[in-house]
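I opened the model today and kept notes as I went. Here is what I looked up, entry by entry.

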Amino acid sequence: MLKRSHKVAVYMEGHIYSEYGKMGMGVLRYLENKIVCVIDSKYSKTDIIDHYPNLKPVPIVNDVESAIQLKAEVLILGIAPSGGKVPPDWYPVIKMALSKGLSIINGLHDLLENRFKNLVSKKNQWIWDVRVPNFIPEIATGKAAKLNNKRVLMIGSDMAAGKMTVGLELYSYLQENNINVGFVATGQVGITVTGGGIPLDAYKLDHACGAVESAVLEQGNKDIVIVEGQGSILHPGSSATLPLMRGTCPTHMILCHIARNKSLKSIDEIKIPDLKKFIDLNEKLSSVLGTYPKAKVIGVALNTTMMNEKESNQIINKVEKDTGLPSTDVIRYGGEKIFKELLDSTGSDTNKKGYEELNVVLEL
């Protein structure tokens, strides 16, 4: 539904600095559309780069009316809270935006299309509920293991640990280096940014593996397929990691971890284990004693926000020493240290197109 020509406003009222604002942050960082503004009345008359210097300049305005004055055509709801509920005080804003002719992109579990379709009056106006499955998949059978490509799955030590961000950074890196790469989006941000994918947590559990497998097989002609991760095997509220592993049959993984956290964000009594042992557990779960392809974790992507330069470098060095793997914050320092590990893993043949300059040998 979203065309590249559409001008976008991102509604983030009260969530500029919230951990639930990752939808908005992901859109601001990766969406190719023109973003005319962010809406948050508290920070009106500032710019998003005043708060996040690594983003592109986008003015912050007070309300939807201001966004319309800036020629916004689409309003994206820029939050991803636990449970996926639309805040009740956002409903009047949604109604007003629709009545003014704006289209809506909603990545939350609360579906809006049926509830508010009577307010859609313009010919080219629409509501896109991103978390609506578009097909019922077959039960997975491990077909992805037969593909002759590299399949890279993002895994995490917690929810919202950077799996989408690291996956999209890797995707951009490989595209810039002329690699034949595909991306499988599995959550609201990735689907919105790329225009396709599977809303994994909207599928029935029995269908989740099949949905992942189907999406990965569709990318079977790619030399490298990146699969956006969800959740964590450590989190008691997450069931996403195993369907992702079984559906992807990954050959490589990247662990994403919030550097400052010693326990789960929402459950302090659940401590994050030794990262090297956690990596080993994920690798063993993925391969199941060699039944599936051996998936090697090639690096640890750290989120070092709220740490100064000295602290971030100290934790990066410590993680590298403890795990024996390259580690970095891909937003703060770039991801090449980790991403090059993927390109440097060798195989028996060489794909000439796009790889000669990098001298990369792929498993074909």
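**Entry 1: a threonine and its helix**

I started with Thr165, which lies in helix α6, residues 163–176. Helices here are DSSP runs of H or I with at least four residues, strands are runs of E with at least two, and both are numbered from the N terminus. I noted that this is a predicted model, where local features need pLDDT of at least 70, side-chain atom pairs count only at pLDDT 80 or more, and totals for chains, interfaces and linings use all residues. Residues are numbered from 1 along each chain as its sequence is written, and side-chain values use heavy atoms, with hydrogens and water left out.

Is Thr165 buried or exposed? Thr165 is buried, because its relative accessible area is 15% and buried means under 20% (exposed is over 50%, partly exposed is in between; 1.4 Å probe, protein chains only). I then listed what Thr165 touches: Tyr30 and Ile331, leaving out residues up to four places away in sequence. Contact means heavy atoms within 4.5 Å.

**Entry 2: α6 against α12**

Next I looked at α6 beside helix α12, residues 336–344. They pack at an angle of about 65°, with axes 11 Å apart. Axes are lines fitted to C-alpha atoms, for helices over the stretch in contact, and angles run from 0 to 180 degrees between N-to-C directions.

Which residues of α6 meet α12? They are Val166, Glu169, Leu170, Tyr173 and Leu174. On the α12 side I found Glu336, Phe339, Lys340, Leu342 and Leu343. By class, this contact has seven nonpolar, no polar and three charged residues. Ala, Val, Leu, Ile, Met, Phe, Trp, Tyr, Cys and Pro count as nonpolar, Asp, Glu, Lys and Arg as charged, and the others, Gly among them, as polar.

**Entry 3: the cores**

I looked up the largest nonpolar core and found 54 residues. Such a core is a set of buried Ala, Val, Leu, Ile, Met, Phe, Trp, Tyr and Cys residues joined through side-chain atoms within 4.5 Å. Leu28, Leu170 and Leu174 are among those with the most contacts inside the largest core. α6 gives the most to this core, with seven residues. Leu174 touches Ile179, Val181, Ile224, Ile226, Leu342 and Leu343, not counting residues up to four places away in sequence. Apart from this core lies another, of 35 residues, including Ile155 and Met253.

**Entry 4: helix α1**

Why is α1 (residues 22–30) largely enclosed by the rest of the structure? Seven of its nine residues are buried, so the rest of the structure encloses most of α1. Tyr30 is one of the buried residues. The buried residues of α1 pack against several elements, including β1 (8–11), α6 and α7 (188–194).

**Entry 5: the sheet**

I traced an open sheet of six strands, in the order β8-β9-β7-β10-β11-β12, with parallel pairing. Two strands pair if DSSP finds at least two bridges between them. β8 (181–184) and β12 (327–328) stand at the edges with a single partner strand each, so one side of each has no neighbour in the sheet. Four bridges join β7 (150–156) to β9 (224–227). Leu153 stands opposite Val227 in β9.

**Entry 6: two positive phi values**

Most residues other than glycine have a negative phi. I noted Cys249, with phi near 45°, in the loop between α9 (241–248) and β10. Cys249 is buried, at 2% relative accessible area. Met306 has phi near 70° and is in the loop between β11 and α11 (309–323). Met306 counts as exposed, at 74% relative accessibility.
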